[in-house]
Amino acid sequence: MTRKTYKETDRFELKTTEGTLFTAIETTTFLHADSHSGSTTIPGLKELRTEEGYHINFDGKGKYTILELGQKAERRVVA
């Protein structure tokens, strides 16, 4: 039998080109399978959303797009 669970695997800040700050939440799907030889857990797809529920697209090298707003953003490095 296979079942899915979802877990928050990362949380970080994004700053848009307009200067707005958003908290990004990465959620990973985990697939759990049981068999006669034991159980296995496999990480699956990752999803990025803001705390407000907006979808986030990873554009590469620390660049992101908040899709519903059409805003470009960068990962904010906190020192």
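This is a predicted model: local features need pLDDT of at least 70, side-chain atom pairs count only at pLDDT 80 or more; totals for chains, interfaces and linings use all residues.
Buried means under 20% relative accessible area, exposed over 50%, and partly exposed in between, using a 1.4 Å probe and protein chains only. Numbering starts from 1 along each chain as its sequence is written, and side-chain values use heavy atoms, with hydrogens and water left out.

**View A. Phe22 and Tyr54 meet edge-to-face.** Rings of Phe, Tyr and Trp (its six-membered ring) pair if their centres lie within 6.5 Å; planes under 30 degrees apart count as stacked, over 60 as edge-to-face and the rest as tilted. By that rule the count is three aromatic pairs. In this one, the ring centres of Phe22 and Tyr54 are 6.3 Å apart and the planes sit at 80 degrees, so the pair is edge-to-face. The pair links distant parts of the chain, 32 residues apart: Phe22 is in strand β2 (residues 21-35), and Tyr54 is in the loop between β3 (38-50) and β4. Strands here are DSSP runs of E, at least two residues, numbered from the N terminus. Tyr54 counts as partly exposed, at 29% relative accessibility.

**View B. Phe58 and Tyr64 make a tilted pair.** Their ring centres are 5.2 Å apart with planes at 55 degrees, so tilted is the label.

**View C. Arg75 sits over the face of Phe12.** It's 3.8 Å from the ring centre; the rule asks for NZ of Lys or CZ of Arg within 6 Å of the ring centre and within 35 degrees of the ring normal. Contact means heavy atoms within 4.5 Å. Skipping residues up to four places away in sequence, Phe12 touches Phe22, Thr23, Ala24, Leu48, Tyr64 and Arg75. Phe12 also belongs to the largest nonpolar core, seven residues in all, with Leu14, Ala24, Leu48, Ile56, Tyr64 and Ala73. Such a core is a set of buried Ala, Val, Leu, Ile, Met, Phe, Trp, Tyr and Cys residues joined through side-chain atoms within 4.5 Å.

**View D. Strand β5 has antiparallel partners in β4 and β6.** Two strands pair if DSSP finds at least two bridges between them. Strand β4 (residues 56-60) and β5 pair over four bridges, with Gly60 bridged to Lys63. Their hairpin has two residues between the strands, and Lys61 in the turn shows a positive phi of about 50 degrees. β5 also pairs with β6 (residues 71-75) over four bridges; Thr65 partners Lys72, and Lys63 partners Glu74. That hairpin has four residues between the strands, with Gly70 in the turn at a positive phi of about 65 degrees. Strand β1 (residues 2-16) runs antiparallel to β6 and is joined to it by three bridges; Leu14 stands opposite Arg75.

**View E. Ile66 is buried in strand β5.** The strand spans residues 63-66, and the relative accessible area of Ile66 is 0%. Leaving aside neighbours within four places in sequence, Ile66 is in contact with Thr16, Phe22, Thr50, Tyr54, His55 and Gln71. Its C-alpha is 14 Å from that of Glu26, 40 residues away along the chain.
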